[in-house]
Amino acid sequence: MTVNDSERKELLSVYADLRVADVRDGMDWMGRHNYGSMIPAIRPLWRTRAVGIAKTARYLPYRGPMPKMTPEEYTKWSGWYYGNVCTYPWIADIRPGDFCVIDQSGVDVGLMGSNNGMDGLINGATGYVTNGGVRDTDEVILQKIPFWSRMISHGMVQGRLQFDAYDIPVAVGGVTVFPGDVVVGDGDGIIVVPQDIARDVAKYAHQELRNDKVSRRAKYEELGLEPDETVM
């Protein structure tokens, strides 16, 4: 489903303050108990949170043979591979507020890292999630790129992955993600909300968040804790 600019702005606004746990509750209220939560193996690189509209891309395992090359020849071939086999056309098409959901077929390779991760942020991406790996993780954390992945990987893409398509349904972390779905990530992991029920899910998620804040604020007072933004 296509999300127009006003719908994107509305959805990003109503989900801005919601935790993954709140959204999970909202999904339960809508009877979607067994849908939306990515598997626990999809973890954040660092404690952060992000909300966005799903921008999807799919990569497949490379099936071609590796040619026999000298290191000098490999340098040239590597550039050809990036330009013709494992390309990143979806990055240039990112819109502000997009959450990049990448199906890399579970291949243990660092498709994204500290360099191309910043390309997405420059174009307005709010975060990334992949069922494969991410590399340069010390720099990714230093640069504060919100990133969730199934693994940390050393390897480059050459001879391992090839681009397939973007802006199509993908399967990541046990969830089918359609372009335009709402994606929320924090320390608890990732949850995806289908666009057609996103407003109703948000309604009940906010209900549970408000109840939680009231309850925890009373306990803060009993324990003599200084109130913080999580209970205000």
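In which sense do β5 and β6 pair, and over how many bridges? The two strands pair in the parallel sense, over 5 bridges. Here helices (H or I, at least four residues) and strands (E, at least two) are DSSP runs, numbered from the N terminus, and two strands pair if DSSP finds at least two bridges between them. The structure is a predicted model, in which local features need pLDDT of at least 70 and side-chain atom pairs count only at pLDDT 80 or more, while totals for chains, interfaces and linings use all residues. Residues are numbered from 1 along each chain as its sequence is written, and side-chain values use heavy atoms, with hydrogens and water left out.

Leaving aside neighbours within four places in sequence, T130 is in contact with I42, I102, Q104, F147, W148, S149, R150 and V172, where contact means heavy atoms within 4.5 Å.

The loop between α6 and β6 (147-152) holds P146. At 10% relative accessibility, P146 counts as buried. Not counting residues up to four places away in sequence, P146 touches W46, T48, A50, L121, T126, G127 and Y128. The C-alpha atoms of P146 and G185 are separated by 8.7 Å, although the two residues are 39 places apart along the chain.

Helix α5 (residues 114-123) has S114, N116, G117 and G120 as its buried residues. These pack against α4 (89-92), β4 (110-112), β5 (127-134) and α6 (137-142). After α5 comes G124, whose phi is positive, near 110°.

A second pairing of strands involves β10 (residues 182-186) and β11, which pair in the antiparallel sense over 5 bridges. They form a hairpin with 2 residues between them, and the bridge partner of V183 in β11 is V192. Is strand β11 (residues 189-193) mostly covered or mostly uncovered, and how many of its residues are buried? The strand is mostly covered, with 5 of its 5 residues buried. Both faces are covered: G189, I191 and V193 lie on one side, I190 and V192 on the other, and all are buried.

The next topic is helix packing. Two packed helices are described by the angle between their axes and the distance between the axes. Axes are lines fitted to C-alpha atoms, for helices over the stretch in contact, and angles run from 0 to 180 degrees between N-to-C directions. Helix α1 (residues 5-15) and helix α7 (residues 198-223) pack at an angle of about 20°, with their axes 10 Å apart. The two are therefore roughly parallel to each other; angles under 35 degrees count as roughly parallel, over 145 as roughly antiparallel, 65 to 115 as roughly perpendicular and the rest as oblique. E7, E10, L11, V14 and Y15 of α1 make the contact with A198, R199, V201, A202 and H206 of α7. By class, this contact of α1 with α7 has 6 nonpolar, 1 polar and 3 charged residues. In this classification Ala, Val, Leu, Ile, Met, Phe, Trp, Tyr, Cys and Pro count as nonpolar, Asp, Glu, Lys and Arg as charged, and the others, Gly among them, as polar.

Helix α7 is also approached by helix α2 (residues 20-29): the axes of α2 and α7 come within 7 Å and cross at roughly 125°. That makes α2 oblique to α7. The contact is made by D22, V23, D25, G26, M27 and W29 of α2 and V201, Y204, A205, Q207, E208 and L209 of α7. By class, the contact of α2 with α7 has 7 nonpolar, 2 polar and 3 charged residues.

Two loop residues remain to be described. Most residues other than glycine have a negative phi, and most peptide bonds are trans. S105, in the loop between β3 (98-103) and β4, has a positive phi near 60° and is not a glycine. S105 is partly exposed, with a relative accessible area of 33%. D167, in the loop between β7 (161-166) and β8 (170-172), likewise has a positive phi, of about 60°, although it is not a glycine. At 35% relative accessibility, D167 counts as partly exposed.

Methods:
Buried < 20%, exposed > 50% of the residue type's maximum accessible area, 1.4 Å probe, protein only.
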